[in-house]
Amino acid sequence: MTLALFEKCPIQCNSTLIETNIHLPEGTLRQCSQCGQLLSACSEDWYNKSMQEFNTPKGTLPEKKHKQRYNKRISKILNAAKKQLLYKANDIISLDVGCSSGALLQVAQHCGFTAHGVEPAEQAAKTASLIPNAHVFQGLLHDAKYPDNHFDIITLFEVIEHLTNPIDLIQEIMRILKPGGILLIGTGNADSWTVHIQGEKWDYFDISGHGGHISFFTPKSMMFLAQHCNLVIKNIHTKRVNLGEKKNISFISYQLNRIARELIALPARWTNKGHDMLVSMQKPIN
Ligand SMILES: [Zn+2]
């Protein structure tokens, strides 16, 4: 039998991992008894194979029809982060960790930022590096060796759920983020109504469909992560509930689900039970 990727909580809780009732092809998801993090039971081999998927020139560029909506959403998020800075900055230097083919870099430039990106996947990084005036490092964040206290805003979108050691990455981000600067983390919410209703059918749990989703955060485990890395949580927002993936249910059920999910969208936001999570963290000034 091959060893599971996680033997203990990656947020370094002094806890045990408990089996959940979410059964996936690679094994039953386990949960940290302290912070609530859900963890894949997959082996290292399985994980490595699933990671290859995004090394394409297109990377995670949004489809043309979604581009306008994507740009609007990301520029709203970046401008809100700018307002949270604890100092006045004329020229914002931003870094997108896991920038893929550079969709976010372009939006950051439109916001007037000096946009940097780091991306390990060679082909996607090459596409990003073609964006005029964007600064792209192909490789891992630690290897980029950015100076201390350098960036005003750092974004980490759809990355943290792929990591076996999130603390290691967040500590490097802490080093290169300016005191008073903002780290934005976007990931799924494992404590969402979507998960409570769909369980293992939630598309986000599909390791091969997403290039290695292995570690699933909740608002609570985000608080543990921030505390462990000496970051201050500014806010946690979640949105959207999905009652059934289109591929798993009939057309009529899907249409009924669409109505239901519109009705519960607002209460899900109010109670942080949506499955899309955005967390804003600040590096303290002292
Ligand atoms: Zn934990």
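1. Two strands count as paired when DSSP finds at least two bridges between them. Within this pair, G117 has V136 of β6 as its bridge partner.

2. A word on the source: this is a predicted model, where local features need pLDDT of at least 70, side-chain atom pairs count only at pLDDT 80 or more, and totals for chains, interfaces and linings use all residues. Residues are numbered from 1 along each chain as its sequence is written.

3. Stepping back, 7 strands make up an open sheet of mixed pairing, ordered β6-β5-β4-β7-β8-β11-β10. β6 and β10 are the edge strands with a single partner each, so one side of each has no neighbour in the sheet.

4. Now for helix α8 (residues 219-228), whose buried residues are S221, M222, F224, L225 and A226. Buried means that 20 or more other C-beta atoms, placed from the backbone, lie within 10 Å of the residue's own. These residues pack against α6 (166-176), β10 (232-239) and β11 (276-282). Just after α8, N230 has a positive phi of about 60 degrees.

5. Lastly, L183 is worth a look: leaving aside neighbours within four places in sequence, L183 is in contact with I154, L156, I173, L177, L231 and M281. Contact here requires C-beta atoms, placed from the backbone, within 7 Å.

Conventions
Two residues are in contact if their C-beta atoms, placed from the backbone, lie within 7 Å. A residue is buried if 20 or more other C-beta atoms lie within 10 Å of its own, exposed if 12 or fewer, and partly exposed in between; C-beta atoms are placed from the backbone. Helices (H or I, at least four residues) and strands (E, at least two) are DSSP runs, numbered from the N terminus.
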